[in-house]
Structures are given as structure tokens and as C-alpha cells.
Amino acid sequence: MAAKLAKTYEPSESEKYMNAKQREYFRQKLLAWRSDLLAESQETISNLKEENWREPDLSDRASLETEAGVELRTRNRYLKLIGKIDAALKRIEDGTYGYCEETGEPIGVKRLMARPVATMTIEAQERHEKMEKQYIDEE
């Protein structure tokens, strides 16, 4: 059963970490974000369908295709983000949301407020990125 939230509720460091209200707050935040991304993606699809692709002027057509390419790359990033949002929602359901996938430590309310799809503490994320950089530098 989802917790009831006041419209003004925001998680704080002073309450029990990942209590029912915090989980519900982040669930609603993630669902709203997902809905916004899907609506924007639908708008892009509509715009691309309405576009006149038979533009007689070559430079106008090239400009149109460039804009469409940028728009599609943006929507592709949205799709990846929606996947991360779905994974975060699953973690809320299974009780692992808010805890680092590497260390099991709390990620922290402030970090989750800034990046609700975060899966690691800042320290673990920095270690992870450092290891990735070393791996890339070695190639």
C-alpha cells in the first residue's frame, strides 16, 4: 500500500531513510518524469510525421534532416533514461532503491533528489568512473 503524501512533502535527512513516504515520493517523481519523457517523444513522432520531407531546396532539406537527426538522438537518450527510470521503479518495488548497488550503503536523499535514477553513492560512482577511465586509457 502506497503512503499518502502531502502535496508539499519533500524527503529530508532527518527522517528514517527510505521510509514509506520517501519511497512513494520518489516513485511519484520517477513516474512523472517518465510520463514527461514519453509525451515529448510522442510529440517528436507527430512532428516528424507532419514534416514536408519533399522540400525542393536542397539546403532546406539538408537543414530539415539535420534537425530531425538531432531530435532523434535526443529521443534515443530519452529511451535510455526511461529504461533507467523503469529500473529505479523496480528497485522501489523490491526494496533496494536508495542503496548503492556496489556497497549496499545509502545513496542519500540529496543525491536522489538531484538524480533519482542514481544506483551508486557518489564515492562508488567516482571509483567506477576512475576504473572506466583507466580501462579506456589502457586500450
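This is a predicted model: local features need pLDDT of at least 70, side-chain atom pairs count only at pLDDT 80 or more; totals for chains, interfaces and linings use all residues.
Residues are numbered from 1 along each chain as its sequence is written, and side-chain values use heavy atoms, with hydrogens and water left out. Local features need pLDDT of at least 70 and side-chain atom pairs count only at pLDDT 80 or more, whereas totals for chains, interfaces and linings use all residues.

Leaving aside neighbours within four places in sequence, Phe26 is in contact (heavy atoms within 4.5 Å) with Pro11, Met18, Ile92, Tyr97, Val109, Leu112 and Met113.

The structure holds 4 salt bridges, each defined by a side-chain nitrogen of Lys or Arg within 4 Å of a carboxyl oxygen of Asp or Glu. One of them joins Glu24 to Arg27 at 2.8 Å, N to O. These two residues are separated by about one helical turn, because they lie 3 residues apart in helix H1. Glu24 is buried at 6% relative accessibility, while Arg27 is partly exposed at 31%; buried means under 20% relative accessible area, exposed over 50% and partly exposed in between, with a 1.4 Å probe and protein chains only.

Another salt bridge, between Arg34 and Asp86, has an N to O distance of 2.6 Å. This pair links distant parts of the chain, with Arg34 in helix H1 and Asp86 in helix H2, 52 residues apart. Glu40 and Arg75 also form a salt bridge, at 3.8 Å, N to O; Glu40 lies in helix H1 and Arg75 in helix H2, 35 residues apart. Glu40 is partly exposed at 33%, whereas Arg75 is buried at 13%.

The largest pocket holds about 200 Å³ of space. A pocket is an open set of points on a 1 Å grid over the protein atoms alone where a 1.4 Å probe fits, with protein on both sides within 12 Å along at least five of seven lines; lining residues have an atom within 4 Å of a point. The volume is the space filled by probe spheres set on the points, which are joined across faces, edges and corners. Helix H2 (58–94) and helix H4 (122–138) are the elements that give two or more residues to the lining, which includes Lys84, Arg111, Met120 and His128.

Methods. Helices (H or I, at least four residues) and strands (E, at least two) are DSSP runs, numbered from the N terminus.
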